[in-house]
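Me: Hi! I have a new structure to look at and would like a hand finding my way around. Can we go through it piece by piece?

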Amino acid sequence: MTSIAELNPTPLWKHFAKLCEIPRPSKHEEKVVAYILDFCKERGLDVKLDHIGNVIIKKPATAGMEDRKTLAMQSHVDMVPQKNADTDHDFRKDPIKAYVDGEWVTAEGTTLGADNGIGVAAILALLESTDIPHPPLEALLTVDEEAGMTGAKHLQPGHFEAELLLNLDTEDEGELYVGCAGGVDINVTLPYSTTGMPADHKAFKLNVRGLRGGHSGLDIDKGRGNANKIANRIIDIARREITDLHIASLDGGSLRNAIPRESFSTVTVPAEHAERLMEIVLQETAVIKAELDNEAKLEITIEETDRPEGVMDPATQQKLIHAIRCCPNGVARMSTDLEGIADTSNNLARVVTELVDGQHQVRIQCLVRSLSDSARDDHGLNVAATFELTGAKVSLDNAYPGWTPNIHSPLLKMMKDVYKAMTGEEPLVKVIHAGLECGLLAKPYPHWDMVSFGPTIRRAHSPEERVHIESVGNFWEYFLKVVQAIPAAR
């Protein structure tokens with residue numbers, strides 16, 4: 001089996017292979033940051049941490065390139081920790097088991113971390129090089145992009161001299177991004193009381209598995225199933241016929257920026273209705289599969305399980321089911337200015353019952369995205385109101401701005417010219433319905449001229465994440481040509 005460290009271009013892939021060995025889920029980047037600091041010190045690079053934990057690296061120009069403009073390069077060091085339910089993996093301790101699968105690199109049962117490990121690897125490879133001509137370089141490797149953009153949000157002015165920045169965090173070869181959506185988290189807490197499971201009831205576990213999931217921005221317009229919506233739909237239909245159905249527990253989705261692929265619910269019904277419950281699940285499964293014909297691996301099962309200690313009070317249960325039914329999910333509006341681009345969306349990401357300090361509660365997480373900050377806030381309030389009607393406590397947190405496109409960017413023009421000379425084709429210039437850090441970076445560095453690009457990555461934020469090997473080679477070649485085409489300083 002080919003080792004990913006042996007793939008071409010080797011300077012990049014060897015660094016990506018090393019990153020796969022180092023645990024780096026969002027908010028737990030200390031090991032990868034320590035590795036990068038050691039890497040820089042061993043090579044005599046100027047490196048420091050800022051107050052929030054971002055890594056800032058500087059390297060002088062090679063001979064003959066000293067008169068060029070300083071170039072900043074940026075990627076984030078953290079990765080989304082998603083795994084299949086049957087995969088035994090601790091993202092804080094275990095390495096990613098990456099392997100070559102035909103034309104792609106993927107991982108065994110977990111996210112791969114090509115988002116944004118390939119960008120980090122490219123930057124480290126260039127910084128390590130001794131034979132690649134380049135202008136004065138500055139690198140910004142941010143922390144906690146996936147779970148809050150904390151590093152970018154707290155970046156301070158004064159660290160960088162560059163006027164130009166390359167963000168290496170998009171996922172389609174041949175596309176240059178000059179704008180992105182902003183976002184806001186919706187956090188819901190709904191307390192409830194419990195009663196004992198009725199003596200004449202049986203308990204059942206409803207399992208929703210096998211959905212494609214994916215990135216809650218890039219994939220939100222693809223009509224993929226949402227495990228939380230599907231589980232709630234089946235429970236609601238069953239409850240309307242079996243009125244004495246009770247919810248004991250819910251556990252659906254995992255991360256706010258990943259479309260939920262799995263949900264596990266425990267419900268109870270009178271023993272005399274057990275067979276009918278199973279029939280309803282089978283009937284609805286067939287209907288849902290017919291509707292979601294792009295979800296070939298969807299699996300919905302129900303099985304008898306152990307008796308739970310208690311069940312949710314009926315009043316809260318009814319309000320919760322109705323609220324999840326009504327909660328906007330998916331694309332709310334397509335852009336009228338940018339063909340084929342989602343303007344505003346919501347991801348009903350997480351629904352889980354918990355016991356916190358002796359109080360039972362339902363915790364719900366959503367992520368609203370929009371190309372417009374005002375539409376982001378308006379749709380966030382729409383989602384919030386859905387759950388406020390239940391009496392839940394709702395907060396809108398961690399709002400971050402979009403990145404306004406500059407189609408007259410000199411950096412963009414140069415990069416288009418370089419791409420045309422390299423491939424004979426025009427690159428696509430796009431705006432992305434996802435959160436890039438560029439919008440936040442523009443606050444402390446408003447003079448930065450920024451463009452984002454990357455290799456082809458598919459199914460980011462899911463255990464089926466994969467990166468196209470040939471596109472990584474093309475990305476690396478293009479990256480170096482852009483670096484070497486940086487113009488002279490005025």
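This is a predicted model: local features need pLDDT of at least 70, side-chain atom pairs count only at pLDDT 80 or more; totals for chains, interfaces and linings use all residues.

Me: What does its side chain reach?
Reply: The side chain of threonine 390 reaches the backbone oxygen of phenylalanine 387, at 2.5 Å.

Me: Which residues does threonine 390 touch, not counting those up to four places away in sequence?
Reply: With those set aside, threonine 390 touches Leu190, Lys319 and Ala323.

Me: Another loop residue, then. Where is tyrosine 445 found?
Reply: Tyrosine 445 sits in the loop between helix H10 (438-441) and E21. With 2% relative accessibility, tyrosine 445 counts as buried.

Me: What is tyrosine 445 in contact with, leaving aside neighbours within four places in sequence?
Reply: A run of residues from elsewhere in the chain: Leu155, Gln156, Pro157, Gly158, His159 and Phe160. For one of these, glycine 158, the backbone nitrogen is reached by the side chain of tyrosine 445 at 3.2 Å.

Me: How many residues apart along the chain are tyrosine 445 and histidine 159?
Reply: They are 286 residues apart along the chain, while their C-alpha atoms are separated by 9.7 Å.

Me: Switching to strands. What is the order of the open sheet of four strands?
Reply: The order is E4-E5-E23-E22, and the pairing is antiparallel. Strand E4 (98-101) and E22 stand at the edges with a single partner strand each, so one side of each has no neighbour in the sheet.

Me: How many bridges pair E4 with strand E5?
Reply: Four bridges, in the antiparallel sense, with E5 covering residues 104-107. Alanine 98 stands opposite alanine 107 in E5, and tyrosine 99 has threonine 106 as its bridge partner there.

Me: What do E4 and E5 form together?
Reply: They form a hairpin with two residues between them, and glycine 102 in the turn has a positive phi of about 65°.

Me: Which helix lies across these strands?
Reply: That is H11, which lies across E4, E5 and strand E23 (466-468) and runs at about 60° to E23. There is also a charge-over-ring arrangement to look at: arginine 466 lies over the face of tryptophan 104, at 4.1 Å from the ring centre.

Me: Now strand E6. Why is it largely enclosed by the rest of the structure?
Reply: Because six of the six residues of E6 (residues 137-142) are buried. Leu137, Ala139 and Leu141 point one way, while Glu138, Leu140 and Thr142 point the other way.

Me: Which strands does E6 go with?
Reply: Strand E2 (residues 55-59) pairs with E6 in the antiparallel sense over five bridges. Strand E3 (residues 71-76) runs parallel to E6, joined to it by six bridges.

Me: Last topic: rings. How many aromatic pairs are there?
Reply: The count comes to eleven aromatic pairs. One of them is tyrosine 35 with phenylalanine 39, a tilted pair at 6.5 Å centre to centre with 35° between the planes.

Me: Why are those two separated by about one helical turn?
Reply: Because tyrosine 35 and phenylalanine 39 are four residues apart in helix H2 (residues 30-42). Tyrosine 35 is partly exposed, with a relative accessible area of 21%, whereas phenylalanine 39 counts as buried at 2%.

Me: Which residues form one aromatic cluster with them?
Reply: Tyr419, Trp476, Tyr478 and Phe479 form one aromatic cluster with Phe453 and Phe475.

Key:
Residues are numbered from 1 along each chain as its sequence is written. Side-chain values use heavy atoms; hydrogens and water are left out. Rings of Phe, Tyr and Trp (its six-membered ring) pair if their centres lie within 6.5 Å; planes under 30 degrees apart count as stacked, over 60 as edge-to-face and the rest as tilted. Buried means under 20% relative accessible area, exposed over 50%, partly exposed in between (1.4 Å probe, protein chains only). A charge sits over a ring if NZ of Lys or CZ of Arg is within 6 Å of the ring centre and within 35 degrees of the ring normal. Contact means heavy atoms within 4.5 Å. A polar contact is a pair of N or O atoms within 3.5 Å; within protein, one must be able to donate a hydrogen and the other to accept it, and residues adjacent in sequence count only if both atoms are side-chain atoms. Two strands pair if DSSP finds at least two bridges between them. Axes are lines fitted to C-alpha atoms, for helices over the stretch in contact, and angles run from 0 to 180 degrees between N-to-C directions.
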